[in-house]
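Here are my notes for your first look at this model. Please read them with the structure open beside you.

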Amino acid sequence: MTIDETAQRVIPLPPEQVAAYAMDWRHDHEWTQGIRTAELTREADGGGFGVGAEVTRTAYFLGKRIDYVLRVARHDPPTLLDMVSVAGPMPMHVTYSFTPDAGGTLARIQVQGDAGGYYRLAAPLMARKVRSSLTKDLRDLEHRLTPAP
């Protein structure tokens, strides 16, 4: 079963500010549900973070520890970060996009994956959980970036 879930939220800040924080793997654990650690385990061909770089994440999902590696496929700050899994329990494609909006930035996250093996049985539950997590991710991203009233 294929999972294809998207969430979006308008964040009242410019895309450059939102993307600079969200595209920095060092902040992954601060605003992304379930991620406990993230580590740059391979630099981009030109060094640092960019196309070809790999980030290893440790997360907990449905009570199970998941270690996976995402490779940057496209990196066009401040508008797009596209990553594909190269190691982990299931093939996954994660896309973050940030576009100007009258209210600031339309932040969007899309997760696509192929729930096979153990995850095939839980695919309907996983899809709902992913959708809920993405919504919370964007809420937490906004809360991290905007001062409390």
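**Notes on the model**

1. Start with the lining of the largest pocket. By class it has 19 nonpolar, four polar and three charged residues. Here Ala, Val, Leu, Ile, Met, Phe, Trp, Tyr, Cys and Pro count as nonpolar, Asp, Glu, Lys and Arg as charged, and the others, Gly among them, as polar.

2. Keep the source in mind. This is a predicted model, numbered from 1 along each chain as its sequence is written, and its side-chain values use heavy atoms, with hydrogens and water left out. Local features need pLDDT of at least 70 and side-chain atom pairs count only at pLDDT 80 or more, while totals for chains, interfaces and linings use all residues.

3. Back to the pocket. The largest one has a volume of about 480 Å³. Of its 26 lining residues, the closest to the centre are Gln-33, Phe-61, Tyr-68, Met-92 and Val-130. A pocket is an open set of points on a 1 Å grid over the protein atoms alone, where a 1.4 Å probe fits, with protein on both sides within 12 Å along at least five of seven lines; lining residues have an atom within 4 Å of a point. Grid points are joined across faces, edges and corners, and the volume is the space filled by probe spheres set on the points.

4. Which elements supply the pocket lining? S3, S4, S6, S7 and H4 each supply at least two residues. H4 has the largest share, six residues. These labels are DSSP runs numbered from the N terminus: helices (H or I, at least four residues) and strands (E, at least two).

5. Now the largest nonpolar core. It has 35 residues, and Tyr-96, Phe-98, Ile-109 and Leu-141 have the most contacts inside it. Among the elements giving two or more residues are strand S1 (2-11), helix H1 (15-22) and helix H4 (123-145). H4 gives the most, with six residues. Such a core is a set of buried Ala, Val, Leu, Ile, Met, Phe, Trp, Tyr and Cys residues joined through side-chain atoms within 4.5 Å. Buried means under 20% relative accessible area, exposed over 50%, partly exposed in between (1.4 Å probe, protein chains only).

6. Look at Tyr-96. Not counting residues up to four places away in sequence, Tyr-96 touches Trp-31, Arg-57, Thr-79, Leu-80, Leu-81, Met-83, Arg-108 and Ile-109. Contact means heavy atoms within 4.5 Å.

7. Next, trace the strand pairs. Two strands pair if DSSP finds at least two bridges between them. S4 and S5 run antiparallel and are joined by seven bridges. Val-69 has Ala-87 in S5 as its bridge partner. S5 and S6 are also antiparallel, over five bridges. Met-83 stands opposite Val-94 in S6.

8. Continue to S7. S6 and S7 run antiparallel, joined by 10 bridges, and Phe-98 stands opposite Ala-107 in S7. S1 pairs with S7 in the antiparallel sense, over 10 bridges. Thr-2 has Asp-114 as its bridge partner in S7.

9. Check the turns. Three residues link S4 to S5 in a hairpin. The hairpin of S5 and S6 has four residues between the strands, and there Gly-88 takes a positive phi near 150 degrees. S6 and S7 form a hairpin with two residues between them.

10. Two loops deserve a look. Pro-78 is in the loop between S4 and S5. The peptide bond from Pro-77 to Pro-78 is cis, with omega near 5 degrees. Gly-63 lies in the loop between S3 and S4. Is Gly-63 buried or exposed? Gly-63 counts as exposed because its relative accessibility is 76%.
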